[in-house]
Amino acid sequence: MSNRSQRLAILSAWPPPFGGVSVHTRRLAALLAREGIEYHVYNAVSPSQTDRVTSIHRRRHSWLLRYLIHAPDETVYIMSPRLSMWLAGAWLSAVRGKRVLIRIRNPRLGRWARGSWRQRLAAIALRRVTGVVCVSREIADLVRGLGVAENNIHCFPGFLPPVKQEIAPESISPPVREF
């Protein structure tokens, strides 16, 4: 890659384990590659690595501190449910001038007591990033209730279609096929 600053950084999980956000990230990566969009995944969950996936799971805290200071990527997509990652995204946006998107896939915001310190910090973080990607209208309503500007809220379903490798018969183990 000639210019790392032009690629999309994705802070997420990568399979294994298979399921949930790791599968979503793999499917998103396939769609981005098909469209010719440069990306790199920073995998905070497992040791899995490829040429476009770097595992940071054993050193994610020290990696994050370095990334906050030296991030070469201009656009960062955070797919973590952790409030600490949302705050890191807000810092990247406000202090470093990065374009930051945060994906919210569960209604955790609705379970936080109104006016609690967690809810106040979430509101601060989500108002300072470039955009918030919500997987449902209900989650978008929760985000809207925190004072996030309407034009910064984007609703996209959590489901992405399987990639070709996932639906190929040889990708399914024989015991599963015979079941």
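Hi everyone, let me start with one side chain: at 30% relative accessibility, Arg-144 counts as partly exposed. Please keep in mind throughout that this is a predicted model. Arg-144 makes a salt bridge with Asp-141, and their closest N and O atoms are 2.5 Å apart. Asp-141 is partly exposed as well, because its relative accessibility is 47%. Both residues sit in helix α6, residues 137-145, and being three residues apart they are separated by about one helical turn. There is a further member here: Glu-150 joins Asp-141 and Arg-144 in a network of salt bridges.

How many salt bridges are there by this rule? The count comes to six. Let me show you two others.

One of them is between Arg-7 and Asp-73, with 2.7 Å between the closest N and O atoms. This pair links distant parts of the chain, since Arg-7 belongs to the segment before β1 and Asp-73 to the loop between α2 and β4, 66 residues apart. Are these two buried or exposed? Arg-7 counts as buried at 8% relative accessibility, and Asp-73 is buried with a relative accessible area of 0%.

Another joins the side chains of Arg-52 and Glu-38, at 3.8 Å from N to O. Arg-52 is in the loop between β2 and β3, while Glu-38 is in the loop between α1 (20-34) and β2, so the pair ties together parts that are 14 residues apart in sequence. Here Arg-52 is partly exposed, with a relative accessible area of 23%, and Glu-38 counts as partly exposed at 35%.

Now, on to the sheet. Seven strands form an open sheet with parallel pairing, in the order β3-β2-β1-β4-β5-β6-β7. The edges are β3 (53-55) and β7 (153-155); each has a single partner strand, so one side of each is left without a neighbour in the sheet. On average, neighbouring strands are turned by 20 degrees against each other, direction ignored.

With β1 it pairs in the parallel sense over four bridges, and Ala-9 has Val-76 of β4 as its bridge partner. Four bridges also join β4 to β5, again running parallel, and Val-76 stands opposite Val-100 in β5. From β4 the chain crosses through α3 to β5, and this β-α-β crossover is right-handed.

As a reminder, side chains in a regular strand alternate between the two faces of the sheet. What about the faces of β4? Both are covered: Thr-75 and Tyr-77 are buried on one side, and Val-76 and Ile-78 are buried on the other.

That leaves helix α3. It lies across β1, β4 and β5, running at about 160 degrees to β5. For those who like a check on the geometry: at 1.5 Å a residue, the 12 residues of α3 (83-94) should span 16 Å, and the end C-alpha atoms are 16 Å apart, which agrees. Its buried residues include Leu-83, Met-85, Trp-86 and Leu-92. Which elements cover the buried residues of α3? Among them are the strands β1 (8-12), β4 (75-78) and β5 (99-104), together with the helices α2 (60-70), α4 (108-111) and α5 (117-128).

Note on methods: Residues are numbered from 1 along each chain as its sequence is written. This is a predicted model: local features need pLDDT of at least 70, side-chain atom pairs count only at pLDDT 80 or more; totals for chains, interfaces and linings use all residues. Side-chain values use heavy atoms; hydrogens and water are left out. Helices (H or I, at least four residues) and strands (E, at least two) are DSSP runs, numbered from the N terminus. The expected span of a helix is 1.5 Å times one less than its number of residues. Buried means under 20% relative accessible area, exposed over 50%, partly exposed in between (1.4 Å probe, protein chains only). Contact means heavy atoms within 4.5 Å. Two strands pair if DSSP finds at least two bridges between them. A crossover is right-handed if, with the strands pointing away from the viewer, the path from the first strand over the helix to the second runs clockwise. Axes are lines fitted to C-alpha atoms, for helices over the stretch in contact, and angles run from 0 to 180 degrees between N-to-C directions. A salt bridge is a side-chain nitrogen of Lys or Arg within 4 Å of a carboxyl oxygen of Asp or Glu.
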